[in-house]
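Student: Hi! I have a protein model open and I'd like to get to know it. Can you walk me through it?

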Amino acid sequence: MAGLSGSEWCSRKTLVALGLGQIVSLIVTSTGLASSELSRRGINMPTSQSLLNYLLLGVVYGGILMRRRKPLQMKWYYYLILGFVHVEANYLVVKAYQYTSLTSVMLLDCWAIPAVIFLTWTFLKTKYRFRKCSGVATCVTGLVLVVFSDVHAGDRAGGTSPVKGDILVIAGATLYAISNVSEEFLVKAGDRIELMGMLGLFGAIISACQMYPILLFCEYASCFTIVALNRI
């Protein structure tokens, strides 16, 4: 994969991409901060937090897809599997905020980068140069140091069980990587609108099915916590 030349770095397309990337990073950080604050207040609803996202995707892109009135380009069960992986990735990462610090979650979530590179190299036959491989090695080294720090930090790590939280984040980031690589494959073989619409549809269905028993056993207690906080 060739790098960008000096003129390409200064092109409008590259600058717009960099700007949009920074906006997305800010939004992701904001959602992480909100999830951490909710967990700190005893409000633990990881599945419910993602349900609205899938509903919006399903309504917007699903509406466009229905208006087209065209058959699906990819098998529907591909999107079902992708929806399941994506929902569980969100669940694990949001759940991790209950056990470890915001900093650890945001740093360990970067495990998705070397995982994506490995999966694309294995299944999509993407080739990477030495500089990218060395960057991945540096990233993995930093992640190991974060986990090692949490193991020996104890109560200073900012969570009730830092190691458990780190494991959840790494598992969630691995699922994110699988989801991202699958999305790349489906977009190239199919259609972007179809992917977003079907991901929203199946993601909402899976989230709703998963949320129901959790509401009965875990998240129902969080609703009482919200009411109690409002009365204080």
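This is a predicted model: local features need pLDDT of at least 70, side-chain atom pairs count only at pLDDT 80 or more; totals for chains, interfaces and linings use all residues.

Student: Which residues lie nearest its centre?

Tutor: Val 28, Thr 31, Asn 53, Asn 90 and Tyr 176, out of 25 lining residues. Helix 2 (12-40) is among the helices that supply at least two lining residues each, and helix 2 gives the largest share, 6 residues. Helices here are DSSP runs (H or I, at least four residues), numbered from the N terminus.

Student: And how does that lining divide by class?

Tutor: Into 13 nonpolar, 10 polar and 2 charged residues. Nonpolar covers Ala, Val, Leu, Ile, Met, Phe, Trp, Tyr, Cys and Pro; charged covers Asp, Glu, Lys and Arg; the others, Gly among them, are polar.

Student: What about the second largest pocket, what is its volume?

Tutor: About 270 Å³. Its lining includes Ser 25, Met 106, Asp 109 and Asn 180, and by class it has 7 nonpolar, 3 polar and 1 charged residues. Helix 2, helix 6 (112-123) and helix 8 each supply at least two of the lining residues.

Student: New topic: is Leu 195 buried or exposed?

Tutor: Leu 195 counts as buried because its relative accessibility is 3%. Buried means under 20% relative accessible area, exposed over 50%, and partly exposed in between (1.4 Å probe, protein chains only). Leu 195 lies in helix 9.

Student: What is Leu 195 in contact with?

Tutor: Tyr 79, Leu 82, Glu 183, Leu 186 and Val 187, leaving aside neighbours within four places in sequence. Contact means heavy atoms within 4.5 Å. Ser 207, in helix 9 too, is buried at 1% and touches Thr 47, Leu 51, Tyr 54 and Val 87, not counting residues up to four places away in sequence.

Student: Why is helix 4 called largely enclosed?

Tutor: Because 15 of its 21 residues are buried.

Student: Last one: how many aromatic pairs are there?

Tutor: The structure holds 4. Tyr 77 and Tyr 78 form an edge-to-face one, 5.0 Å centre to centre with 80° between the planes. Rings of Phe, Tyr and Trp (its six-membered ring) pair if their centres lie within 6.5 Å; planes under 30 degrees apart are stacked, over 60 edge-to-face and the rest tilted.

Student: Which residues do ring pairs link into a cluster?

Tutor: Trp 76, Tyr 77, Tyr 78 and Phe 202. Tyr 77 is partly exposed, at 36%.

Key
Residues are numbered from 1 along each chain as its sequence is written. Side-chain values use heavy atoms; hydrogens and water are left out. On a 1 Å grid over the protein atoms alone, a cavity is a set of points where a 1.4 Å probe fits but cannot get out, and a pocket is an open set with protein on both sides within 12 Å along at least five of seven lines; lining residues have an atom within 4 Å of a point. Grid points are joined across faces, edges and corners, and a volume is the space filled by probe spheres set on the points.
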